[in-house]
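Hello,

Here is the structure I promised to pass on to you. Please open it first, and then read my notes beside it.

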Amino acid sequence: MRRIPRTKGAISGFLIILLGLWGGLVPFIGPYFDYAMHTDQTWQWFTDRAWLEVLPAVVTIIGGFMLMSGVTRGSMSLGAMLALAGGLWFIVGPNVSVLWNHGAITVGPPIARHNVTRMLEWVGFFYGTGALITMFSAYALGFLAALPIVDERVVGRTVATGAGAGAAGFAAGRASGRRKQRERDAVDAPTERVPATTATAGGAAPTAGADAPARDTAPAATTNGPAARDGAPADDMAAAPRSRTGRFFRRRRATTRT
């Protein structure tokens, strides 16, 4: 269940495969462009070449393919270790060959005439190729070891829980936003004007055509404004401040005047 994306080892595995192909084919195709060791004949096979060049190349290619196509930590780590073994064998193989060749290296000497070309043949056939394979495989091993171990089942549950919580939080946020918007609309709504009711001193409504005495205007309450004063127009009452402090002091002044 501990899977790793294939892209984690794709680049290293691809480079290791290319180096393995180079190390296994260059002894047979090198003489075509005057790049050869031990013999200048193309596609010539002998046992020492198989042990020192073909075998590590095959192991390296297998390791690189496992590293590039593996999806689990175990398979990718195994591929990187195989590639590491192949790279190390490219480096130490020529010197180990003295054990079965009576103290002499079996793959030499280089065929080139110039010293620089001879040095490049040793590097291209064995030491440089093995060093690059070792570097990329060791990097892949370190990279795989640094990856955290996570169970896919745990990751799936965590992602599902996070998605559900995110959706619930989004819905709650939208509901809270709509509620706050309704509250703002209620506060900013225009104040309704309530006409003042008039009454005579005796409490009866005045008749038409009669000389009406001075009328006391009863305090009329508006939706958000204070009580009306004697002779105060309705527009003044409608323009009263909506704050609680303003209503409190205006009521007290109206009571005092009455």
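Below is what was found in it, going from the whole chain to single residues.

A word on the ground rules: this is a predicted model, so local features need pLDDT of at least 70 and side-chain atom pairs count only at pLDDT 80 or more, while totals for chains, interfaces and linings use all residues. Residues are numbered from 1 along each chain as its sequence is written, and side-chain values use heavy atoms, with hydrogens and water left out.

The whole chain

The protein chain has seven helices and two strands. Both kinds of element are DSSP runs numbered from the N terminus: helices are H or I with at least four residues, and strands are E with at least two. Read from the N terminus, the order is α-α-α-α-α-β-β-α-α.

Of the 258 residues in the chain, 29% are buried. Buried means under 20% relative accessible area, exposed means over 50%, and partly exposed is in between (1.4 Å probe, protein chains only). The chain exposes about 16,400 Å², and carbon and sulfur atoms supply 63% of that area. Accessible areas come from the Shrake-Rupley method with a 1.4 Å probe; for residues, only the protein chains shown count as cover.

Contact means heavy atoms within 4.5 Å. Among contacts between residues at least 6 apart in sequence, 67% join residues at least 24 apart.

Side chains of opposite charge can pair when their charged atoms come close. Where does that happen here? The side chains of Arg 49 and Glu 53 meet in a salt bridge, at 3.4 Å from N to O. The rule for a salt bridge is a side-chain nitrogen of Lys or Arg within 4 Å of a carboxyl oxygen of Asp or Glu, and by this rule the count comes to one. Arg 49 and Glu 53 both lie in helix 2, four residues apart, about one turn of the helix.

Is Glu 53 buried or exposed? Glu 53 counts as buried because its relative accessible area is 3%. Setting aside neighbours within four places in sequence, Glu 53 is in contact with Gly 23, Gly 24, Pro 27, Phe 90, Phe 125 and Phe 126. Glu 53 and Trp 89 are 36 residues apart in sequence, with 8.8 Å between their C-alpha atoms.

Patches are made of residues with over 30% relative accessible area and no salt bridge; like charges are joined within 9 Å, and nonpolar side chains (Val, Leu, Ile, Met, Phe, Trp, Tyr) within 5 Å.

A nonpolar patch is formed by Ile 11, Phe 14, Leu 15, Leu 18, Leu 21, Trp 22, Leu 25, Tyr 32, Phe 33 and Trp 43, with about 1,000 Å² of accessible area together. Tyr 32 sits in the loop between helix 1 (10-29) and helix 2 (47-69), and Tyr 32 counts as exposed because its relative accessibility is 55%.

A positive patch is formed by Arg 174, Arg 178, Arg 179, Lys 180, Arg 182 and Arg 184. Here Lys and Arg count as positive and Asp and Glu as negative, while His and the chain ends are not counted. The place of a charge is taken as NZ of Lys, CZ of Arg, CG of Asp or CD of Glu. Arg 178 lies in helix 5 (residues 152-188) and is partly exposed, at 46% relative accessible area.

Two loop residues

Asp 34 is in the loop between helix 1 and helix 2, and its phi is near 55°, a positive value in a residue other than glycine. Asp 34 is exposed at 67%. His 102 lies in the loop between helix 3 (73-96) and helix 4 (115-146); it has a positive phi of about 60° although it is not a glycine.

Enjoy exploring!
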